[in-house]
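The structure is shown first.

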Amino acid sequence: MATTVLEPTQTAAYAKRSVLVEWLTTVDHKRVGILYGASAFVFFLIGGLEAEVIRLQLMKPDNHLVSPEFYNQLFTMHGTTMIFLAVMPISAMFFNFFVPLLIGARDVAFPRLNAMSLWVFILGGLFLNFSFILGAAPNGGWFGYAPLSSRQFAPGVNMDFWMLGLQILGIASLAAGVNFFTTILNMRAPGMTLMRMPMFVWSVLVTQVLVLLSFPVITVALILLTADRTFGSSFFSFSAAGGGSGGGDPMLWQHLFWVFGHPEVYILILPAFGIVSEILPVFSRKPLFGYSAMVFSMAFIAFLGFGVWSHHMFATGMGPLADSFFSLMTMLIAIPTGVKIFNWIGTLWGGSLQFRTPLYFALGFIAMFIMGGLSGVMHAVQPADLQQTDTYFVVAHFHYVLFGGSIFSLTAGAYYWWPKMFGKMLDEGLGKLHFWLMLIGFNLTFFPMHFSGLLGMPRRIYTYPKGLGFDGYNMASTIGALILAVSFMVFLYNVIRTWRSGEHAPADPWGGATLEWSIPSPPQEWNFAVEPMVTEKDALWAMKRAAGVRILPEPARVSGKGIHLPSPSWWPLFTAIGLLIFMTGIMLKRPWAFPFGPVSMAGFAIAAFSIFKWSYEPVDHPTSHQAH
Amino acid sequence: MRHSRVPRWWFAPLGLLCTLAIVLLAGCSGPYPQSTLEPRGDFAEMVDSVFMKTVYLATVVFILVEGALLWAVFKFRGKPGDPDPHQIHGSTVVEIVWTIIPAVVLAIVAVPTVETIFSTAKVPTTSTDGQPPMKVEVIGHQWFWEFRYPELGITTANELHVPVNRTIDLRMKSNDVIHSFWVPQFAGKRDVFPNRETRLWFTAKVTGEFPGACAEFCGTEHGRMDFYLMVDSAPAFQAWVDRRHADSTMQFNGMPMHPVVAAAGQAPPPVDTLVAEGQKLFQSKGCSSCHSISSMHVLTVIGPNLSGIGSRKMIAAGWLPNTDANLRDWIEHTQKLKPDVLMKLPMPVSDAEVTALIAYLRTMR
Amino acid sequence: MTAAVLDHDSAPAHEEHHTSLPVNSRKLAIWTFIGSECLFFASLITTFVIYRDSHAKGPGPKDVFGVPLVTSGTAVLLFSSFFVVMALNGAQQGNRKKLLTWLSLTVLCGMFFVGMQVYEFTHFVHEGMGYTTNLFASSFFTLTGFHGTHVAIGTLWLGTLLKDAYKGRIPPSKALNLEIAALYWHFVDVVWIIIFPVVYLMSLGR
């Protein structure tokens with residue numbers, strides 16, 4: 001490792017930038033990652049608050065805590081927020097911070113594009129939540145079925161916020177998809193072939209393929225819905241009473257949505273799979289069992305994931321052939337999923353398990369995901385699904401896979417990677433308390449829902465009558481939800497306490513197998529002073545074996561003089577602002593909206609100008625930004 | 001560096017047992033009239049049969065896999081100073097075995113699945129009682145259910161009467177957005193659409209009163225779009241049909257009348273003045289502009305058909321028990337009870353007027 | 001999205017970054033984007049195919065389609081793909097005259113195509129086929145409108161490159177900038193090669 005300390009050179013202008021400007025113009029993948037994570041966590045808390053109010057309303061029958069209209073806004077925003085503003089961007093935090101580190105690179109392929117994705121996401125999330133201030137939050141459910149989402153049945157601006165908000169967020173995801181796909185394929189350290197990549201990197205690669213192929217479909221669906229709501233077409237409206245020609249088919253919305261929507265749930269879970277595949281080997285002190293099988297099963301899941309979408313439509317009367325096809329395909333996807341679960345157990349088997357907080361959450365993930373997967377297989381049986389779909393049974397299923405799965409794993413990732421990101425160790429005792437509260441709270445909240453669903457409780461109802469037997473289960477769920485809230489307070493307390501006075505983290509607190517643990521905690525701006533050479537998978541373990549040590553010597557912080565880094569830029573932020581204004585313009589009342597009124601034109605102009613300036617801006621200004 | 005504290009081995013099983021106990025105790029709240037686990041009709045029984053097969057298999061898989069996980073967690077716990085375990089990378093044989101076993105298990109599930117898909121897709125040609133299936137049209141509205149019996153010329157709402165042991169052939173549509181018709185003890189649910197007909201069928205095996213619900217989010221009052229399935233014995237069903245047919249023969253000023261009055265076209269004998277006043281108010285207050293009080297050959301105007309409203313079990317779409325107090329509350333404070341429904345009284349009604357209206361409605365049995 | 005890939009002013013040294021695959025990252029990115037856009041157009045084409053016969057009210061394809069005009073636009077677009085290849089060739093060889101000539105022709109073709117579409121759309125509206133007249137119209141205008149927008153964006157992009165070429169800013173070492181735009185242009189052409197028969201030719205018999 002280089003250890004000579006040299007004088008940094010900086011222009012006066014660069015040195016004078018304020019902290020705010022630094023963060024607004026950053027193109028450093030690590031800072032972009034932290035901004036993703038911080039924003040996503042705030043949105044996660046908002047989504048959690050929405051859930052708590054839902055649970056308080058459902059605590060007892062015939063309750064009047066909130067109005068039916070507000071309740072419908074709560075569950076719509078809870079779903080939309082958790083999927084698009086929490087799980088995806090928290091995953092993005094890990095993609096951003098760690099993919100370059102795991103592959104031994106200095107940054108992503110397109111740092112400014114990366115920053116643009118970030119700002120588009122943040123502005124999109126603010127846009128979506130701004131609707132609450134107007135008392136008009138989206139209220140059509142997170143999958144916005146037509147014709148309930150049409151202007152005729154949803155005359156307010158609620159669904160305009162939903163439709164345009166998702167469109168904005170989709171652009172962020174697509175841009176990131178191109179970015180990470182290119183980064184992983186093209187920026188790996190010498191010697192890191194695809195089959196030597198860490199599993200998390202594989203999971204990100206496959207996830208980006210899913211994003212790139214599924215998001216365009218919802219983009220089109222949202223364009224058609226925008227046409228219906230803003231320009232008066234009838235793509236999804238059968239009735240002409242809404243002002244259009246009529247004759248549209250609501251089923252078209254469902255097909256387009258779920259062709260996106262099913263891959264989307266794999267987008268939500270695959271990174272979680274990747275994180276668990278990173279954590280288990282480190283804390284079992286042995287390699288991941290069946291690396292190739294894990295890679296191929298993940299690819300197979302992604303591929304099959306495009307062939308099961310109509311299992312969300314089993315109650316729509318598609319006919320026995322279609323029902324059978326989608327039942328069978330859905331069962332098929334359980335096989336590679338099971339293979340992964342067995343390989344994780346195989347990793348633990350025969351290991352020397354080190355019980356630290358990341359391992360707790362990773363184990364919790366496996367246990368909960370098994371349950372979610374089994375209820376998923378029950379859903380795959382179409383006739384049985386006719387009883388289960390649209391009830392609390394499916395609510396239980398998807399919370400077991402999304403919370404028990406994704407959230408547990410992302411939490412594991414947070415504890416695992418916190419030292420690397422922030423240079424401090426989160427408290428172990430508080431971490432374990434968090435785990436037990438979360439495990440118990442989670443199961444108490446969602447396990448009863450299997451029962452209330454099978455006993456006949458539909459989903460998305462703002463209240464239920466006495467006498468149907470739902471009361472006790474709902475009370476149990478509400479208590480569980482409150483315990484979950486406490487568990488997150490514990491985490492928050494841990495974060496704040498660590499921030500103030502946490503134990504400083506070494507480069508490699510866990511005995512890691514991958515390259516990020518070879519550099520200081522937190523990393524210096526350029527990540528690696530010297531580009532790593534990779535000869536096998538679990539690259540860092542290989543280096544340690546070669547050196548005959550369990551932990552390498554603590555790496556020194558060095559001057560990065562001479563390392564060219566991409567320069568900060570305003571244009572990603574301005575492009576995002578232009579996009580937001582353009583989309584906002586679409587929802588303003590006619591004649592502003594049609595064909596594209598002054599507000600949209602202004603937004604377009606800002607975005608186009610920013611893109612133009614961006615494309616002529618050099619990637620790095622030789623004198624303006626040197627590493628220091 | 002902190003030392004890792006191995007958790008007590010009984011933490012996990014105890015925590016989960018407690019949770020399970022709470023959950024099961026929570027379930028001790030009595031009868032489950034809307035339960036999918038107590039099928040009382042053939043469609044629901046076929047579904048329950050394949051579902052329970054899946055549950056048994058899933059339970060076995062659960063015990064085995066979670067068990068393996070828990071076993072690994074406790075058997076292989078280590079401490080920081082322990083030597084490195086054997087660095088195994090995988091095993092092709094093991095991969096093949098644990099790919100094939102799930103495939104076999106799923107094949108076992110797949111066969112009855114496809115069988116049940118096909119058997120539930122076809123409406124049986126004869127019912128258990130020997131009669132051909134009875135067609136019933138279901139139309140979902142925001143937020144009530146309209147039921148029509150094309151072979152009997154009857155229209156009604158929110159209460160579906162069927163004879164026991166007769167196969168009911170449901171032809172379903174929506175008047176507006178997507179809803180879903182679900183009466184769990186008899187059949188799975190089926191969505192209803194504005195632009196196409198969907199089909200469902202069931203044969204009730206027992207008589208009784210069974211709640212159903214809308215099971216596709218359909219707007220503000222999706223949570224209050226319930227209905228009741230009344231499975232009648234053959235004679236009771238016929239009596240209900242006769243009462244509905246009688247609706248059309250009771251005419252005075254074009255409005256069905258108190259059943260005491262028999263012949264059409266003739267001047268009625270003296271009737272209860274309160275009832276007569278209620279009948280006048282039903283028109284003058286605008287109720288008849290949205291609701292039809294007769295079940296015969298009528299199209300639903302805007303609101304639910306009110307034929308037989310006097311004897312229905314529930315009002316406001318399967319929700320409020322049909323007592324005088326609730327009926328009064330519903331007429332006087334509709335928007336407070338069920339915000340956003342279309343029923344906003346054209347003109348205000350006094351308490352006395354409501355009393356008359358209720359008296360009139362009570363005669364519609 | 002396009003900006004990061006446009007990147008006109010990167011110093012040559014940074015183009016020589018080691019890449020894991022034997023392809024420049026920006027080129028890989030545009031291919032990836034193109035792959036994604038295939039699904040975008042597939043969804044729009046599917047929607048059109050579903051609604052192509054929904055013209056109970058208002059004009060249908062037989063009433064309004066002017067196949068000769070559109071065929072000429074198709075030919076122009078096809079030739080323009082050839083022209084841009086020639087332009088790229090000129091750039092790679094350092095032949096300024098070749099580059100400018102063929103690139104200008106490409107841009108002109110793009111302008112012609114967009115002009116043809118604008119003319120076609122206005123003509124349809126005058127014939128009583130507005131965006132919301134019937135579902136055939138809505139899906140037709142949405143599909144071809146988005147394609148036309150892509151052509152317009154491509155034309156603008158090539159136009160800025162033409163300006164750069166005129167100023168001598170596309171030496172052989174920077175030919176990649178044009179190559180990336182050309183790839184996008186070829187994609188837009190290929191999409192039209194699918195739209196033209198599916199939308200226009202297959203409507204002839206309906």
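The secondary structure of chain A comprises 18 helices and 2 strands. Of its 628 residues, 66% count as buried.

Chain A has a radius of gyration of 25 Å, which agrees with the value near 25 Å for a compact globule of 628 residues. Along the principal axes, the C-alpha atoms of chain A occupy a box of roughly 75 × 60 × 45 Å.

## Confidence

The mean pLDDT of chain A is 93, and 95% of its residues reach 70 or more. Over residues 1-12 of chain A the pLDDT stays under 50, and the model has 23 contacts beyond four places in sequence for them. The pLDDT is also below 50 over residues 622-628 of chain A, a stretch with 22 contacts beyond near neighbours in sequence. Where pLDDT is low, the predicted coordinates should not be read in detail.

## Chain pairs

Of the 2 pairs of chains in contact, A and B share the most contacts. In that pair, 85 residues of chain A are in contact with 92 residues of chain B. Elements of chain A that each supply at least two residues to this side include helix 4 (68-103), helix 11 (357-380) and helix 15 (471-501). Helix 10 of chain A gives the most, with 14 residues. By type, the residues of chain A on the side that touches chain B divide into 53 nonpolar, 22 polar and 10 charged.

Between chains A and C, 41 residues of chain A are in contact with 37 residues of chain C. Helix 5 (111-133), helix 6 (158-186), helix 7 (199-231), helix 8 (250-284) and helix 18 (598-616) of chain A give two or more residues each to this side. The largest share, 9 residues, comes from helix 7 of chain A. This side of chain A consists of 27 nonpolar, 12 polar and 2 charged residues. No contact joins chain B and chain C; their closest C-alpha atoms lie 14 Å apart.

## Two helices

Helix 8 of chain A has 35 residues, which at 1.5 Å a residue should span 51 Å; its end C-alpha atoms are 51 Å apart, in agreement. A kink of about 30° is centred on Trp258(A) in this helix. Of the 35 residues of helix 8 of chain A, 32 are buried. Just after the helix, Arg285(A) takes a positive phi of about 60°.

Helix 7 of chain C covers residues 135-166, which makes 32 residues, and reaches 45 Å from its first C-alpha to its last, close to the 46 Å expected. After helix 7 of chain C comes Gly168(C), with a positive phi near 75°.

Thr116(B) lies in helix 3 (residues 92-121) of chain B. Thr116(B) and Arg224(B) are 108 residues apart in sequence, and their C-alpha atoms are 31 Å apart in space.

## Backbone details

Two cis peptide bonds are described here. One joins Ser521(A) and Pro522(A), with omega about -10°; Pro522(A) is in the loop between strand 2 (503-504) and helix 16 (539-547) of chain A. Another joins Gln142(B) and Trp143(B), with omega about 0°, and Trp143(B) is in the loop between strand 1 (134-141) and strand 2 (144-149) of chain B.

Positive phi values also occur in loop residues other than glycine. Asp390(A) has a phi near 60° and is found in the loop between helix 12 and helix 13 (392-422) of chain A. With 25 other C-beta atoms within 10 Å, Asp390(A) is buried. Ala317(B) has a positive phi of about 65°; its place is in the loop between strand 11 (314-315) and strand 12 (320-321) of chain B. Ala317(B) is buried as well, with 23 other C-beta atoms within 10 Å.

Definitions and conventions: Residues are numbered from 1 along each chain as its sequence is written. Chains are lettered from A and ligands numbered from 1 in the order in which they are written. This is a predicted model: local features need pLDDT of at least 70, side-chain atom pairs count only at pLDDT 80 or more; totals for chains, interfaces and linings use all residues. Helices (H or I, at least four residues) and strands (E, at least two) are DSSP runs, numbered from the N terminus. The radius of gyration is taken over C-alpha atoms; the globule rule is 2.2 Å times the number of residues to the power 0.38. A residue is buried if 20 or more other C-beta atoms lie within 10 Å of its own, exposed if 12 or fewer, and partly exposed in between; C-beta atoms are placed from the backbone. pLDDT is the predictor's confidence in each residue, from 0 to 100. Two residues are in contact if their C-beta atoms, placed from the backbone, lie within 7 Å. Ala, Val, Leu, Ile, Met, Phe, Trp, Tyr, Cys and Pro count as nonpolar, Asp, Glu, Lys and Arg as charged, and the others, Gly among them, as polar. The expected span of a helix is 1.5 Å times one less than its number of residues. The bend at a residue is the angle between axes fitted to the seven residues ending there and the seven starting there.
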